[in-house]
Amino acid sequence: MSHIIGLKCTHCGEEYPATIQNTCHECFGLLAVNYDWDYIQDHISKEKIKSGPNSIWRYADLLPVETTDYVDLGTGYNRLQRARHLEEAIGLDELYLIDDSVNPTYSFKDRVTSVAVTKALEFGAKAIGCASTGNLAASVGAHAARAGIPAYILIPSTIELGKITQIMIYGPRVIAIDGNYDDANRLANEVVDLHPDWAFVNLNIRPYYTEGSKTLAYETAEQLGWNAPDHFVAPMASGSLLSAIHRGYKELMKVGLIPEKDVRASGSQPLNCSPISTAVQRESEITPVRDYQTIVHSLAIGNPSEGENAKETIQRSHGYAATPTDEEVLEAIHLLAKTEGIFTEPAGGTTVAGLKKLVEEGYIEKDEKTVVYITGNGLKAQDTIMRTLKQPEAIKPTLTNFEELISKISRKEKEIIIA
Ligand SMILES: Cc1ncc(COP(=O)(O)O)c(C=O)c1O
Ligand SMILES: [Zn+2]
């Protein structure tokens with residue numbers, strides 16, 4: 001007996017055994033993990049979760065692996081924090097955040113990778129890999145190192161230097177593509193067709209991979225005293241994260257761990273590459289974006305593989321989607337740092353800028369208990385963010401120089417406040 005029945009097509013319902021497969025042979029629909037919910041309900045409890053590890057693996061009963069030999073760098077169970085200064089700045093009564101940039105490779109991607117690489121080893125895969133906008137690549141590199149398995153990583157050559165450095169240090173085989181993410185992804189699909197015993201985490205074992213993101217909902221609910229929030233805001237690239245978080249809340253309701261409630265899901269994408277957000281705003285089909293230029297490299301996916309899923313999740317839950325400009329993204333990075341002491345990368349800037357716009361435009365109401373997910377670390381995108389900061393002024397090390405400089409700085413601050 002197991003908590004996993006197999007895979008099931010999200011489109012036509014065709015069932016398959018749990019193997020390395022991501023699309024339905026009948027209709028090409030995406031496959032999802034098919035759980036035995038009665039079995040899970042009989043075996044799960046708040047006490048069991050509480051006594052589990054302080055990582056995503058405390059929720060193993062709801063994750064698609066059979067083994068307990070996890071590839072675990074210590075990801076997740078990050079603190080849900082009340083964001084008192086940010087809530088005041090943007091006009092909400094009760095705002096919380098999870099800073100997922102504190103994971104082992106400094107983004108939420110460790111959640112999906114830890115699950116996917118554990119599953120890849122269960123399948124006996126000979127190598128792992130991914131197509132990535134940067135954060136997933138670093139995470140796959142680190143987990144491959146820990147698992148002692150080769151990794152093949154395809155990235156656009158234009159991503160931030162900090163991310164490239166981090167990816168390389170773990171020693172995977174990195175292939176920089178002269179093109180964008182969608183080009184890298186297309187090639188990666190051809191690679192796995194040629195090498196069926198390689199597990200590319202976001203391609204041929206995607207149904208298992210996406211499950212890792214649900215743990216953000218579980219952690220939030222557990223830390224809200226086993227309750228769901230009213231509304232959450234997440235960044236979107238492929239659309240997987242947002243869909244998975246919403247699914248996570250529903251699953252907790254299904255197994256009776258939290259009371260039934262409608263949770264509204266809202267997303268954010270950078271204006272210049274916003275296929276999902278734009279479709280939500282226009283109530284239209286998703287049109288892939290071909291040529292895009294944005295500082296938000298980690299969210300720059302023009303043809304999102306789970307875009308429809310994310311759009312439907314937003315629409316059915318009565319959420320909405322924002323499209324901040326690159327400038328608004330940079331302002332929001334400053335806002336989060338100055339209000340909550342958290343330095344996020346442009347993906348987090350997109351989320352906070354989106355949150356702010358959604359509140360301003362009335363899509364999130366003041367009295368909704370809201371959670372915002374900060375998914376990546378600012379130190380990885382220094383080349384982009386440095387441009388928005390002044391270099392500190394250097395002085396000779398004397399007290400006179402120090403006093404002169406601080407009076408100049410405080411005069412400047414006053415000028416800024418008055419202006
Ligand atoms: C920091 C960060 N946040 C959010 C996302 C969006 O994730 P998804 O592709 O699941 O929508 C990404 C994707 O690369 C990311 O790197
Ligand atoms: Zn199907």
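Student: To start, how many helices and strands does the protein chain have?

Tutor: The protein chain has 16 helices and 13 strands. Here helices are DSSP runs of H or I with at least four residues, strands are runs of E with at least two, and both are numbered from the N terminus. A quick note first: this is a predicted model, where local features need pLDDT of at least 70, side-chain atom pairs count only at pLDDT 80 or more, and totals for chains, interfaces and linings use all residues. Residues are numbered from 1 along each chain as its sequence is written, while chains are lettered from A and ligands numbered from 1 in the order in which they are written.

Now to the strands, where two count as paired if DSSP finds at least two bridges between them. Let's begin with β1 (residues 4-9), which pairs with β3 (residues 31-35) in the antiparallel sense over five bridges. Leu 7 has Val 33 of β3 as its bridge partner. β1 also pairs with β2 (residues 15-16), again antiparallel, over two bridges, and there Lys 8 stands opposite Glu 15. The β1-β2 hairpin has five residues between its strands, and Gly 13 takes a positive phi near 85°.

Next comes an open sheet of four strands with parallel pairing, in the order β8-β7-β6-β9. β8 (173-177) and β9 (198-200) are at its edges with a single partner strand each, so one side of each has no neighbour in the sheet. From one strand to the next, the twist averages 20°; axes are lines fitted to C-alpha atoms, for helices over the stretch in contact, and angles run from 0 to 180 degrees between N-to-C directions. Inside this sheet, β6 (residues 127-131) and β7 (residues 151-156) are joined in parallel by four bridges, with Cys 130 partnered by Ile 153 of β7. α5 lies across β6 and β7, at about 165° to β7; contact means C-beta atoms, placed from the backbone, within 7 Å.

There's also an open sheet of six strands with mixed pairing, ordered β4-β5-β13-β10-β11-β12. Its edge strands, β4 (80-82) and β12 (321-322), each pair on one side only. β10 (residues 231-235) and β11 (residues 264-268) run parallel and are joined by five bridges; one of the partner pairs is His 231 with Arg 264. Across β10, β11, β12 and β13 (370-374) lies helix α14 (residues 346-360), at about 140° to β10.

And the ligand? Ligand 1 has 18 residues around it, with Ser 238, Ser 240, Ser 298, Thr 375 and Gly 376 coming nearest; a residue is near if its C-beta atom, placed from the backbone, lies within 6 Å. α5 (135-147) and α10 (240-254) are the elements that give two or more residues to this shell.

To place all this in the whole chain, the C-alpha atoms fill a box of roughly 75 × 45 × 45 Å along the principal axes.

Technical notes:
Two residues are in contact if their C-beta atoms, placed from the backbone, lie within 7 Å.
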